[in-house]
Amino acid sequence: MTTTEPNPTSQDSSADPLKEWHKSVCILCSANCGVEVRLDDREITRVRGNKTHVASKGYTCEKALRINHYQNSTGRLTSPLRRNADGGYDEIDWDTAISEIAAKFTELIDEHGGERIFYYGGGGQGNHLLGAYGAATRRGLGIRHRSNALAQEKTGEAWVDGRLFGTHTHGDFHHAEVSVFVGKNVWHSHGFDEARRVLKDIAGDPKRSMVVIDPRRTETADLADFHLQVKPGTDAFCIAALLGVMVEENLIDNSWLAENAVEADAVLDELRKVDVADYSSRCGVDEDLIRATARRIGQAESVSVLEDLGIEMAPNSTLVSYLQKLIWILVGSFGRPGAMTTHTSMVPLFNYSAAGNEPESPVTGGAVISGLVPCNEIPDAVLTDHPDRYRAMFIESANPVHSLAGSQRWRDAMAALDFSVVIDVFMTETAREATYVLPAASQYEKVETTFFALSFPDNAMTIRAPMMPPLEGTLPEPEIHARLAKAMGLLDEDVLQQLRESAEQGRREFAAAFMDAAMADPKLAGMGAIALYETLGKTLPAGMEGAAVLWFSAQQAAMKFPAAIRAAGFDAPDDELGDALFDALLESRDGVVFSHHDYEQAWDMLGTDERKFMVNIPEMLADLASLASKPTDYTSDEFPFVLAAGERRAFTANTIIRDPAWRKRDQEGALRVSPSDAADLGVEDGSRIRVTTPGGTAVAVVEVNDTLLPGHITLPNGMGLDYSPAGGEPEVTGVSPNELTTTDWKDEYAGTPWHKHVPARLEVVPA
Ligand SMILES: Nc1nc2c(c(=O)[nH]1)N[C@H]1C(S)=C(S)[C@@H](COP(=O)(O)OP(=O)(O)OC[C@H]3O[C@@H](n4cnc5c(=O)[nH]c(N)nc54)[C@H](O)[C@@H]3O)O[C@H]1N2
Ligand SMILES: Nc1nc2c(c(=O)[nH]1)N[C@H]1C(S)=C(S)[C@@H](COP(=O)(O)OP(=O)(O)OC[C@H]3O[C@@H](n4cnc5c(=O)[nH]c(N)nc54)[C@H](O)[C@@H]3O)O[C@H]1N2
Ligand code: SF4
Ligand SMILES: [Mo]
């Protein structure tokens, strides 16, 4: 296919494009599996895995088959909306919306400065391109403070990664002799390619083992060789005990540590002090099982470890991130097949350099990691008299009123703003609090991609082409950002016109002209994404204009890791390598392997001095030393249960799909209780129960579930959305987890919420 074909998704240009198979990806989780979909007009009528996709190779889970419920459920936004005096919304046209929003931002910036505007979001599980345009708008408006969902899950881990290696690391679960999953239910939440296939392969291979640390006997734990069924919130004790055994029984690689780690003795000395028997009993796991697990890890050729929300949203989360990384560091499992590695990034998700970290947010004082304000502090930074409080918000592709701690506090904060703008495809809980709501084209109606590429030795990225035109009334985000920038006079039209002319002449001419213009004008450089869209974008195939910003990413990649790009099969001279990569990304619907490494090259991408592991993090060792005095139980007589608020299940996908009919089972999102608790309470499947926490109260339907420990209860994430079926009244299905959470319940380093550990009580609702 050439880049000038009008319909870039078409597999057979003679047929009706709306009745063909189109290659795309599933946007429901970060795995972004390649799919082929069959269209009937705008309906996605069939979905199957794309066997020629470079990463997923035909794999999907059950959720991909139902993505039409995202694309075509009723309630898509089709007009810009402005809030009226009654709290309702009036439809306004795009020109009115853009000019009013531009005027409001200009006025606020003139009076208070762009730093009083807060930016939230910038992409979800399937759409990160818009975030690049959002970043340009941020710079144009002088916005300094921002955040996104990463700052309610991964910033603690990122802080540890930054200190230990100065970069992100990746586990090779496809080949690891021992795979360790900590607070991660891979079966349902995925997190790497072909996840269930990999789990089954491990379970079926007597030479490989799986360790799962999880209080629930999850679908993943069912396949594990070692299930360390910790009491909720006690992972720090469990992993400290595991590491204690590894040191005590000398199951570690001392010569590797001597060569590659800095000040490992400080760490080993602290681990020697761990009372293994005591910590085992505190976390509720049999000491013999912990010892057997340590020995299995100590024997293995390769160990890979993956953490996720079960520990990131629970007590001691940053400490646990550190301790879990010591598991593989102590056995030197790095830079070989099956082991941990670094990886390339087309667009890094985190900035690990000191420049990415501000010591603290000016209004609320929490750690700002990788430029992200802790999510739990955002409403506090609005609801205050502090002179630097946020006065306006720009939110796109995120639903923070629903997805962040303390939904009511979020509603209060949004009501206290001078104004707010939300860009979304649906009328969400957040949109309903906004001053202006702008309707975006869906992720299948515009070019999109994600920056989740974290693999090694091959790393791949998939650009999706639109499979249908934008729904009438909607616009792709790059166009929305460009219109706003123009209305605010943020870009010089004469300069853009010159750049357009050089883009017509060719890439080489364009590159030279763009670099000159960016050097001459820092504002244009900062807003480069929008400038690229307005210039180079106009030379791209119809519908692909929004990919323009990736041209710059491809040029940067070609400067940062040219050898790895060449090793991946790109054969072009230095000054054409970036363009070759960009063109391949534009053309391929199967994903593009953009970098290939040899295993030992993993060392070259470590971000630390002398490429060493900086294992001595004093704050973490101090925390480890004082662990014995930390609680293992946060319940009380008033709140005797631990509620995991937001479990991933077969039919949950954050708040991406609003129509409850998409769920084939668990329609209402049941509250799971253990059989013994159910017996004590006198409830059974289908009973109604009231769950009350320090943050709120709600009624849920009961599911008695024997995978749970007594005292542990769970609610699914992404529930409690309201939805109006065609012609019907809006109805809320299930419990919205963050009506039950509070902003003060969080990690002391990263400020990430303890959503998996909310104290709660249950009361039977009479039938
Ligand atoms: N089906 C589905 N898949 C998804 C998503 C979705 O919404 N639905 N969302 C995607 C996103 S955004 C993310 S971040 C990932 C999250 O993926 P996961 O983190 O795997 O998802 P969760 O189910 O929230 O939590 C994981 C596990 O933590 C366990 N857990 C609870 N408390 C504790 C504890 O104290 N200690 C330990 N060790 N474990 C504990 C739970 O029992 C659960 O099995 O999933 C992604 N994939
Ligand atoms: N209590 C509790 N809360 C949680 C969690 C939990 O486990 N427990 N999990 C948390 C986690 S890990 C995450 S990642 C967050 C996720 O929460 P959010 O970051 O808020 O993300 P999503 O729910 O994925 O919502 C994405 C929004 O994007 C919109 N959207 C979809 N496509 C497009 C598009 O093309 N353009 C635009 N502009 N918008 C679009 C959707 O309609 C939706 O409103 O939730 C978090 N919240
Ligand atoms: S929801 Fe399933 S099919 Fe979709 S990207 Fe995730 S793992 Fe793949
Ligand atoms: Mo997430």
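In the predicted model, Thr234 is in contact with Arg282, Cys283 and Thr632, when neighbours within four places in sequence are left aside. The residue is placed in the loop that runs between β11 (226-228) and α8 (235-248). Thr234 counts as buried because its relative accessibility is 0%, where the limit for burial is under 20%. Its C-alpha atom is separated by 8.7 Å from that of Ala314, a residue 80 positions away along the chain.

Ligand 1 is surrounded by 30 residues, and the closest of these are Asp214, Gly233, Asp235, Thr652 and Lys756. A nitrogen atom of ligand 1 lies 3.2 Å from a backbone N or O atom of His188. An oxygen atom of the ligand is 2.9 Å from a polar backbone atom of Leu309, and a distance of 2.8 Å is found between an oxygen atom of ligand 1 and a polar backbone atom of Asn654. On its own, ligand 1 has 910 Å² of accessible area, of which the protein covers 97%.

The elements that each supply at least two residues of the shell around ligand 1 are α5 (186-189), α13 (309-312) and β19 (641-647). Helix α13 provides the largest share, with 3 residues. By residue class, the shell of ligand 1 divides into 7 nonpolar, 12 polar and 11 charged residues. At the level of domains, domain 2 (155-346 + 623-627) and domain 3 (634-764) each contribute at least three residues to this shell.

Around ligand 2 there are 31 residues, with Ser403, Asp424, Glu477, Ala645 and Thr655 coming nearest. For Thr655, an N or O atom of the side chain is 2.6 Å from an oxygen atom of ligand 2. The protein buries 96% of the 910 Å² that ligand 2 exposes when taken alone.

Strands β15 (419-424) and β19 each supply at least two residues to the shell of ligand 2. Strand β19 likewise supplies at least two residues to the shell around ligand 1. The residues around ligand 2 comprise 13 nonpolar, 12 polar and 6 charged.

Glu477, one of the residues that come nearest to ligand 2, is found in helix α17 (residues 477-487). With a relative accessibility of 4%, Glu477 counts as buried. Its side chain makes a polar contact of 2.7 Å with the side chain of Lys446. Beyond four places in sequence, the contacts of Glu477 are Leu130, Glu396, Ile423, Ala440 and Lys446.

The protein is divided into domain 1 (8-72), domain 2 (155-346 + 623-627) and domain 3 (634-764). A distance of 36 Å separates the C-alpha centres of domain 1 and domain 2. Between these two domains, 11 residues of domain 1 are in contact with 10 residues of domain 2.

Helix α4 (residues 155-164) is mostly covered, with 8 of its 10 residues buried. The buried positions are Thr155, Gly156, Glu157, Ala158, Trp159, Val160, Asp161 and Leu164. The cover over these buried residues includes β12 (303-307), α13, α14 (317-330) and α25 (618-625). Just after α4, Gly166 adopts a positive phi of about 65°.

Thr341 lies in strand β13 (residues 340-341). The residue is buried, since its relative accessible area is 2%. Residues up to four places away in sequence not being counted, Thr341 touches His168, Thr169, His170, Phe334, Gly335, Phe456, Tyr599 and Ala602.

Notes
Residues are numbered from 1 along each chain as its sequence is written. Chains are lettered from A and ligands numbered from 1 in the order in which they are written. This is a predicted model: local features need pLDDT of at least 70, side-chain atom pairs count only at pLDDT 80 or more; totals for chains, interfaces and linings use all residues. Side-chain values use heavy atoms; hydrogens and water are left out. A residue is near a molecule or strand if one of its heavy atoms lies within 4 Å of it. A polar contact is a pair of N or O atoms within 3.5 Å; within protein, one must be able to donate a hydrogen and the other to accept it, and residues adjacent in sequence count only if both atoms are side-chain atoms. Accessible areas come from the Shrake-Rupley method with a 1.4 Å probe; for residues, only the protein chains shown count as cover. Helices (H or I, at least four residues) and strands (E, at least two) are DSSP runs, numbered from the N terminus. Ala, Val, Leu, Ile, Met, Phe, Trp, Tyr, Cys and Pro count as nonpolar, Asp, Glu, Lys and Arg as charged, and the others, Gly among them, as polar. Domain bounds come from an automatic or database domain assignment. Buried means under 20% relative accessible area, exposed over 50%, partly exposed in between (1.4 Å probe, protein chains only). Contact means heavy atoms within 4.5 Å.
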